[in-house]
Amino acid sequence: MLRSSTLLLRRAVARRLCILALALGVGLGFGPAAHAQVPLNPAAPAPTDTTRKYENPGGVPAPTKKPFFKSKAFKALAVPTLLIGYGAYTFNGGGFYTNQEARRDIHRLFPRNDTRIADYLIFAPYLELGAVALAGVQSRNDRVNVLLVIAKSEAIMLGSTFLVKAISKEERPDGSDNLSFPSGHTAQAFLAASIVHTELRDKSQWYGVGAYALATSVGVLRMVVDKHWQSDVVAGAGFGILSAHLGYLTHRNRWGRKPIGRDVGVMPTFFGSTPGLTLTWRPK
């Protein structure tokens, strides 16, 4: 009996000591583990980097950079580079399909003759562009800017082709001179066709198809009359397209985008018994 009373007394004393120790621990800051992990003096936050705060004040996300193959430069240079590269590859009888083989095959299809129709067809795409403008179809740019692009592109084409002619000194198939590579006629025709395609492709792709068909016929005719090899014609097409693309890439529409001279009219007239046409232009 005495032993059990002593045991109960010890348990009661131990329980009170535990409660007292817990109370002292909370008062001194030695509470449960969850409270012990919270620092009494938390570290100050890192200072904000203000050196770049004025670079994007509106918070607009930076535009993602387009891949190179989707850039304007790639689209402008891809096709001309391939054409000029093939012309250089087959230059002076090289390549897997030589100039001599191409000349043989072209004369199998078209007997050699001395027609000069290619001398006039080189400007046919420009006539197409003028006819469409007179019909009232609006091109991509106004007439003044189109003329500026044409002038710039023509200067690039003439300078580049004649420079390469002077450097390459390739003999023509008929042996008339050493200015065969590249074909200036083909370059001129494809330059005009490329401008027609660029100006009118938003209206219809068939304008460009017709212009490029005329330009291709010029290149074929220059081979038929034995004035150029296939390498000259293919490279000439590349130089023409490249010149047009460079003309557009370097043009900043300095006269603005407001249409100039849209009001163009054509009406028949008669001077006595002689019929004619009257062209009216009312610039805006």
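Predicted model: local features only at pLDDT ≥ 70, side-chain atom pairs only at ≥ 80, totals over all residues.

Colleague: What percentage of the residues of the protein chain count as buried?

Modeller: A residue is buried when its relative accessible area is under 20%. The protein chain has 284 residues. Of these, the buried share is 31%.

Colleague: Among contacts between residues at least 6 apart in sequence, what percentage join residues at least 24 apart?

Modeller: The contacts considered are those in the protein chain between residues at least 6 apart in sequence. Within that set, the share joining residues at least 24 apart is 74%.

Colleague: Are α7 and α8 roughly parallel or roughly antiparallel?

Modeller: Helix α7 spans residues 143–168 and helix α8 spans residues 184–200; their axes come within 10 Å and cross at roughly 155 degrees. Angles over 145 degrees count as roughly antiparallel. The arrangement of α7 relative to α8 is therefore roughly antiparallel.

Colleague: Is the crossing of α7 and α8 left-handed or right-handed, and how do the residues of the contact divide by class?

Modeller: The crossing is right-handed. On the α7 side the contact involves V146, I150, S153, E154, M157, T161 and K165, which meet G184, A187, Q188, L191, I195 and E199 in α8. By class, these residues divide into six nonpolar, four polar and three charged.

Colleague: How are α6 and α8 oriented to each other?

Modeller: The axes of α6 and α8 come within 8 Å, crossing at roughly 25 degrees. Angles under 35 degrees count as roughly parallel, so α6 and α8 are roughly parallel.

Colleague: Which residues make the contact of α6 with α8, and how do they divide by class?

Modeller: From α6 come P125, Y126, E128, L129 and V132. From α8 come Q188, A189, L191, A192, A193, I195, V196, E199 and L200. The division is eleven nonpolar, one polar and two charged.

Colleague: Which helices do the buried residues of α6 pack against?

Modeller: The buried residues of α6 are A124, P125, Y126, E128, L129 and V132. One of them, L129, is in contact with V146, I195, V196, E199 and L200, leaving aside neighbours within four places in sequence. As a group, the buried residues of α6 pack against α5, α7, α8 and α9.

Colleague: How is α4 placed relative to α9?

Modeller: Helix α4, residues 99–109, packs with α9 at an angle of about 100 degrees, and their axes are 9 Å apart. Angles of 65 to 115 degrees count as roughly perpendicular. The placement of α4 relative to α9 is therefore roughly perpendicular.

Colleague: How many nonpolar, polar and charged residues has the contact of α4 with α9?

Modeller: On α4 the contact is made by A102, I106 and H107, and on α9 by V220, M223 and V224. The contact has five nonpolar, one polar and no charged residues.

Colleague: Which residues does V220 touch, not counting residues up to four places away in sequence?

Modeller: V220 lies in helix α9 and is partly exposed, with a relative accessible area of 28%. With residues up to four places away left out, V220 touches I106 and F110.

Colleague: Where does R140 lie, and with which residues is it in contact?

Modeller: R140 lies in the loop between α6 and α7 and counts as partly exposed at 45% relative accessibility. The C-alpha atoms of R140 and R201, 61 residues apart along the chain, are 8.5 Å from each other. Leaving aside neighbours within four places in sequence, the contacts of R140 are T198, E199, R201 and Y248.

Technical notes. Residues numbered from 1 in each chain as written. Heavy atoms only, no water. Axes fitted to C-alpha atoms, helices over the stretch in contact; angles between N-to-C directions. Helix = DSSP H or I, 4+ residues; strand = E, 2+ residues; numbered from the N terminus. Left-handed = near helix turned anticlockwise from the far one by under 90°. Contact = heavy atoms within 4.5 Å. Nonpolar A, V, L, I, M, F, W, Y, C, P; charged D, E, K, R; others polar. Buried < 20%, exposed > 50% of the residue type's maximum accessible area, 1.4 Å probe, protein only.
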